[in-house]
2 protein chains.
Amino acid sequence: MTNKDARTPASSQDEQPIQGESSQEAGKSIGWHKAYVEGSRPDLRVPVRQVHLTNGQSVTLYDTSGPYTDPLIDTDVRRGLAPLRENWIIARGDTEEYAGRPARPEDDGIKHTSPRGGLRNLDAVFPGRPRQPRRSRDGKAVTQLAYARRGEITPEMEYVAIRENVSPEVVRQEIEAGRAVLPANVNHPEIEPMIIGKRFLVKVNANIGNSAVTSSIEEEVEKMTWATRWGADTVMDLSTGRNIHTTREWVLRNSPVPIGTVPLYQALEKVDGRAEELTWEIYKDTVIEQAEQGVDYMTVHAGVRLPYVPLTANRKTGIVSRGGSIMAAWCLAHHKESFLYENFEELCEILAAYDVTYSLGDGLRPGSIADANDEAQFAELRTLGELNRIAKRFNVQTMIEGPGHVPMHKIKENIDLQQEICDEAPFYTLGPLTTDVAPAYDHITSGIGAAMIAWWGTAMLCYVTPKEHLGLPNRDDVKTGVITYKIAAHAADLAKGHPGAQEWDDALSDARFEFRWEDQFNLALDPDTAREFHDETLPAEPAKTAHFCSMCGPKFCSMKISQDIRREHGGSRAEIEQGMAEKSKEFAAAGNRVYLPIAD
Amino acid sequence: MTNKDARTPASSQDEQPIQGESSQEAGKSIGWHKAYVEGSRPDLRVPVRQVHLTNGQSVTLYDTSGPYTDPLIDTDVRRGLAPLRENWIIARGDTEEYAGRPARPEDDGIKHTSPRGGLRNLDAVFPGRPRQPRRSRDGKAVTQLAYARRGEITPEMEYVAIRENVSPEVVRQEIEAGRAVLPANVNHPEIEPMIIGKRFLVKVNANIGNSAVTSSIEEEVEKMTWATRWGADTVMDLSTGRNIHTTREWVLRNSPVPIGTVPLYQALEKVDGRAEELTWEIYKDTVIEQAEQGVDYMTVHAGVRLPYVPLTANRKTGIVSRGGSIMAAWCLAHHKESFLYENFEELCEILAAYDVTYSLGDGLRPGSIADANDEAQFAELRTLGELNRIAKRFNVQTMIEGPGHVPMHKIKENIDLQQEICDEAPFYTLGPLTTDVAPAYDHITSGIGAAMIAWWGTAMLCYVTPKEHLGLPNRDDVKTGVITYKIAAHAADLAKGHPGAQEWDDALSDARFEFRWEDQFNLALDPDTAREFHDETLPAEPAKTAHFCSMCGPKFCSMKISQDIRREHGGSRAEIEQGMAEKSKEFAAAGNRVYLPIAD
């Protein structure tokens, strides 16, 4: 994928190119533009990607790219995105601003007071928009689950109903039943609401994040905008190195999609990597820190219980979840039950105050084909089912994470069991990878498993990039991972018979059949690469309107013959059979030509 | 994938680098070498890829790369490969050499006698090894199916039994039952025999071939050796431009794997692309020409019958198979039943004389999600079932081709119906692609479908490259296509519980768990790219022995914690539970460290 990058404009996201515009500059018709579907109120406008076809029709596609692809909106990473949801949140009157927890040097992994002084405030962290954190007023239940249970349809619910092309009431019901989550922290008003549940389009998450080894704040913000541009529905910031707090603030203030984190990673940084020094207090403080910043969902490995740790001892690859192994190390060191499990109810109270959604982590997921569906994995899953029920008591929206490495014949058991044990809470899986033998291609080994498990009911897929097991993904890897997972998700939407899903395939296949090359490119999941690949073999401009392609060449083309057949045999079955001998003569009279002159 | 190429040595295949050697040159231990498993006779030596691990163990993998990866064999494309099977064929005494059909200028698409003279013979076409074609003596049945039916275990059957790690009798039985084919034209003695059937490892085919638009003889030969190097089990030469005959001869003489063709493509060239001018005589002559050269299996679109053509009229994408549309055009032009269907028995006699295997083409396969599993497709499938039974009467080995574009929920019906209608004859599918919306990524859209349909019983998968629908694959595309399909095939082998399949995954996962980076690379489906990706983030040589990777960095590593757990908790369940509190104290006494110094 390296070639493509040379053509992609610079990486700073306020210089992000608008795809429609770049086509315009080339003197061609604009292939698509950002449009909005209006809801019941003027401040409820749902973005879509409107693809304009050369036959005068247009196709509307789901759009995750945020204001960055709207040429009428002037974005600036230093200022952040406009707080779309702010008025909705304020109007509900059930939250209040407060001073908040002061940001501390160690939040950014700085141990000793730097020359520039000790405490910092959020203004310094993110200069763009001074803000105070917000949380529920005493006794108020401010989660989308609470509203749904009270029968309220929030603007957020209406927004996703328009996006998903269903009624707002369906959205409310799915959230009420716990079958869907709408992650939307009251401190992240910038997001364009989206929903995760098996009744809706399958979603894709992209992970970003620096580590001790590599990467910078700017890179992480840019990875987020890059991932959402290609279709990521949510982004997880898994940073573990320096500047975790500041990086997250910049990512949140600029993100049009919900942001997820694993608070345990930052908590571990605060104790300098010594798992046994972790405490409930340090963890809780980190969760509050992140909730105040606006993190929309948090992975919590509360299912890694003390008695399960020995179940992993004879595994081929032990514990491969970083969060899982941290908690296992803590349990081992103290020979105590997990502080996350023990304090889960208090954690629920905190998350409820900000409407942070749980993503109950699968810390004991299998890391190899050999370990799939074993006792450790399913013991943890049963605990996640128990925790899911507790979270619901506190009105906390909850989804459940799933594996991992699983051979194809063991995939269905995972989703079936999860749905049963966890009362149909949304399943959120990493792949699964269907074989261990292809490092450097694990987007593909896992894309196979992801498509299957999504077909069977998984609501969101966590992408895997080609660098999995080998290194940290760069820009190209992020794009490849997102595109691969959008394929898996859409293949699942088709297989589930999601209303409207096939319209996209049909539009593209019509364009293909009718040799509308530009339409085929513009409808593609990745128009740039499709166009580039076509041009490699047939670069000339006339080839874009030619009624053939390089596979068969101009001499003979199966699509052209099919068009002849349709022309001659279109109509009802009876008409077709009756008229066939007749038409055959006409075909002969017309010269029987299957040639296609280039200019035809 | 472009980066990799810069590191790959030059493309002429007699300069093909030996992977083991290149590691040796770098001063490291050889990662793998070509080994042979001896059969019951000295001239029966089955090649394997022996991977040597740093822990002293070794892993044996199936090897398709031919003599090119054996440093002891001096290969030369101008001379061709040694005729491995020649003595076996001669010893059977049931075939004879004969003068053969003279090669004609039009075989290479040359219409008018060139200045250099009219007729040519095979010596001129391929200078390496003068040869006469061979066919069955009168009345002799010389196909592997005929031998299997007589209870004979041929050296070819023993060879594949060793490759597949099953008994020769199992191989014979599967061939006898028509559930497997062993494509091995008596005129292609150079091949290393392989078998295609659901009882065996899932196989992968790679298509090569020039077209009127692009490509040369050398490129095609090199694509063949390149594809087999990465694991292609067979190669189809789908050339349609100039020099079809000569290109095929060079490919055959240098190919260690069975070669398939679509004779209809060349026949159409001989009538200058006018489908209606095709005749049974021209087609038959082309089949004999190719059979004499040694083509091992041929796609024959005899199931595209006149009454089925109108069934495609109201499809979204009509007929997308090139062969299917040629036959449809012929039927339309003449308003007659297909000459392939009408002359099928005579065709069987020809194929039987050379032991050419049928690949009964699915000329009416769906070309879009909308057209999947429709009446046209299944009407043709029923005819293929009928033709399969006729072929068996003539002792011709037969496999059945399948789609195409099929959404996930409609895939299983394809394999189930094919197995029922075609008496369990091997199914050989193109993908299927599970969505139409991702041109430039159709290796992935189809890899998903391929893995699933192979799990459910498809015996061979025809690869799809990233260029599908857009252009002709280059070297990188061929590699990406083959690797993607090897992943799909191996994922299916795992899901089918093929004996020994998981040993490969286990060996790689063990290496991963124990931070044996070099072993992980050498066991990978693509060692070069795995190593390259690792080095992008952590290039230094010590990082290859480091007990961490760039994902978590040196500070905290889940694999390391798991190793601690195993060290402390290995043993029976009872021992584990009993000893746990005890061990916890030791862990604490040892410092509770989850740090990992770089040099550890």
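In chain B, the axes of helix H10 (residues 263-270) and helix H11 (residues 280-293) come within 9 Å and cross at roughly 125°. The model is predicted. Chain A holds an H10 and H11 pair whose axes likewise come within 9 Å and cross at roughly 125°. A further helix pair joins the chains: the axes of H17 of chain A and H18 of chain B come within 10 Å. Over all chains, the count of disulfides is zero.

**H10 and H11 of chain B**

- The two axes cross at roughly 125°, and H10(B) and H11(B) are therefore oblique to each other.
- The crossing of H10(B) and H11(B) is right-handed.
- On the H10(B) side the contact is made by B:Pro263, B:Leu264, B:Gln266, B:Ala267 and B:Lys270. On the H11(B) side the contributing residues are B:Ile282, B:Tyr283, B:Asp285, B:Thr286, B:Val287, B:Glu289 and B:Gln290.
- Sorted by class, this contact has six nonpolar, three polar and three charged residues.

**B:Ala267 within H10(B)**

- B:Ala267 is found in helix H10 of chain B and has a relative accessible area of 0%. Buried means under 20% relative accessible area, so B:Ala267 is buried.
- Leaving aside residues up to four places away in sequence, B:Ala267 touches B:Leu278, B:Ile282, B:Tyr283 and B:Thr286. Among these, B:Ile282, B:Tyr283 and B:Thr286 belong to the H11(B) side of the helix contact.
- B:Ala267 and B:Leu472 are 205 residues apart along the chain, and their C-alpha atoms are separated by 21 Å.

**H10 and H11 of chain A**

- In chain A, helix H10 covers residues 263-270 and helix H11 covers residues 280-293, with axes that come within 9 Å and cross at roughly 125°. That angle makes H10(A) oblique to H11(A).
- H10(A) and H11(A) cross in a right-handed sense.
- From H10(A), the residues A:Pro263, A:Leu264, A:Gln266, A:Ala267 and A:Lys270 take part in the contact. They meet A:Ile282, A:Tyr283, A:Asp285, A:Thr286, A:Val287, A:Glu289 and A:Gln290 in H11(A).
- The class composition of the contact between H10(A) and H11(A) is six nonpolar, three polar and three charged residues.

**A helix pair between the chains**

- Helix H17 (residues 442-455) of chain A and helix H18 (residues 475-495) of chain B have axes that come within 10 Å and cross at roughly 45°.
- H17(A) passes H18(B) in a right-handed crossing.
- A:Ile444, A:Thr445 and A:Ile448 are the residues of H17(A) in this contact, and B:Thr484, B:Ile487 and B:Ala488 are those of H18(B).
- The contact of H17(A) with H18(B) has four nonpolar and two polar residues, and no charged residues.

**Chain A: overall content and helix H21**

- Chain A has 23 helices and 15 strands.
- Of its 600 residues, 68% count as buried.
- Considering contacts in chain A between residues at least 6 apart in sequence, 73% join residues at least 24 apart.
- Helix H21 (residues 527-537) of chain A is mostly covered, with eight of its eleven residues buried. The buried residues of H21(A) are A:Pro527, A:Thr529, A:Ala530, A:Arg531, A:Glu532, A:Phe533, A:His534 and A:Thr537.

**Helix H6 of chain B**

- Helix H6 (residues 155-164) of chain B is mostly covered, and nine of its ten residues are buried.
- The buried residues of H6(B) are B:Pro155, B:Glu156, B:Met157, B:Glu158, B:Tyr159, B:Val160, B:Ala161, B:Arg163 and B:Glu164.
- The cover over these residues includes helices H3 (86-92), H5 (144-149) and H7 (168-176) of chain B. Strands S2 (45-52), S3 (58-62) and S8 (203-208) of chain B are also included in that cover.
- B:Asn165 follows H6(B) and has a positive phi, near 65°.

**Cysteines**

- A disulfide requires a pair of cysteine sulfur atoms within 2.5 Å. By this rule there are zero disulfides over all chains.
- The sulfur of B:Cys348 has its closest cysteine sulfur in B:Cys422, 14 Å away, which is too far for a bond.
- B:Cys348 is at 0% relative accessibility and so counts as buried.
- A:Cys462, with a relative accessible area of 6%, is also buried.

Methods
Residues are numbered from 1 along each chain as its sequence is written. Chains are lettered from A and ligands numbered from 1 in the order in which they are written. This is a predicted model: local features need pLDDT of at least 70, side-chain atom pairs count only at pLDDT 80 or more; totals for chains, interfaces and linings use all residues. Side-chain values use heavy atoms; hydrogens and water are left out. Buried means under 20% relative accessible area, exposed over 50%, partly exposed in between (1.4 Å probe, protein chains only). Axes are lines fitted to C-alpha atoms, for helices over the stretch in contact, and angles run from 0 to 180 degrees between N-to-C directions. Helices (H or I, at least four residues) and strands (E, at least two) are DSSP runs, numbered from the N terminus. Angles under 35 degrees count as roughly parallel, over 145 as roughly antiparallel, 65 to 115 as roughly perpendicular and the rest as oblique. A crossing is left-handed if the near helix is turned anticlockwise from the far one by less than a right angle, and right-handed if clockwise. Contact means heavy atoms within 4.5 Å. Ala, Val, Leu, Ile, Met, Phe, Trp, Tyr, Cys and Pro count as nonpolar, Asp, Glu, Lys and Arg as charged, and the others, Gly among them, as polar.
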